[in-house]
Amino acid sequence: MISSSEPWIDVGAIERDLNALWREASEAEEHGVIRSCILNLLVYTSGTSESQELDDALTDITASHPSRAILIVEDPDADESRLEAQVTSRCTLPTGTRKQVCCEQVTIT
């Protein structure tokens, strides 16, 4: 997780974390993985309670539409003003003739 009390997040650190994520995934798979990003999907929510529902919806969306999902979650009840970013991957399991598809998600809170 990338955290900052400044009014910005180090975008270079996010990109380094994404590259490390894909490098680790590729090493874990015998045939490697394909990093596919057809589009960038940007989603904003003004509540942490909605973020879990959006997280579940993003799993379904990225299974059909490989993308980089950027989820921005505002927490109006937070005690202090700070930004955090978390990088995760979303992978669908291969089935029959479908190959495994992995997408990436950046969550900024």
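**The whole chain**

Begin with a cartoon view: along the sequence the chain runs in the order β-α-β-α-β-β-β. That pattern comprises 2 helices and 5 strands, where helices (H or I, at least four residues) and strands (E, at least two) are DSSP runs numbered from the N terminus. This is a predicted model, in which local features need pLDDT of at least 70 and side-chain atom pairs count only at pLDDT 80 or more, while totals for chains, interfaces and linings use all residues. Residues are numbered from 1 along each chain as its sequence is written, and side-chain values use heavy atoms, with hydrogens and water left out.

Next, colour the chain by pLDDT, the predictor's confidence in each residue, from 0 to 100. The chain averages 78, and 84% of the residues score at least 70. Strand β2 (residues 39–45) has the highest mean confidence, at 88, and strand β1 (residues 2–4) the lowest, at 58. Where pLDDT is low, the predicted coordinates should not be read in detail.

**The nonpolar cores**

Select I9, I14, L18, A85, V87, V106 and I108, the 7 residues of the largest nonpolar core. A nonpolar core is a set of buried Ala, Val, Leu, Ile, Met, Phe, Trp, Tyr and Cys residues joined through side-chain atoms within 4.5 Å. Two or more residues of this core come from each of α1 (11–28), β4 (83–92) and β5 (101–108). Another core, of 5 residues, lies apart from it and includes V43, L58, A69 and V73.

**Helix α1**

Move to α1, whose 18 residues reach 26 Å from the first C-alpha to the last. This is close to the expected 26 Å, taken as 1.5 Å times one less than the number of residues. Within the helix, A13, I14, L18 and W22 are buried. D17 also belongs to α1, but D17 is partly exposed, at a relative accessible area of 33%.

Is Q105, the next selection, buried or exposed? Q105, in strand β5, is buried, with a relative accessible area of 1%. Show contacts (heavy atoms within 4.5 Å): not counting residues up to four places away in sequence, Q105 touches D55, L58, A69, L71, Q86, V87, T88 and R90. Its side chain also makes a polar contact with the side chain of T107, at 2.9 Å. A polar contact is a pair of N or O atoms within 3.5 Å; within protein, one must be able to donate a hydrogen and the other to accept it, and residues adjacent in sequence count only if both atoms are side-chain atoms.

Finish at T92 in strand β4. Beyond its neighbours within four places in sequence, T92 is in contact with A63, K99, Q100 and V101. A C-alpha to C-alpha distance drawn from T92 to C103 reads 8.9 Å, for residues 11 apart in sequence.

Definitions and conventions
Buried < 20%, exposed > 50% of the residue type's maximum accessible area, 1.4 Å probe, protein only.
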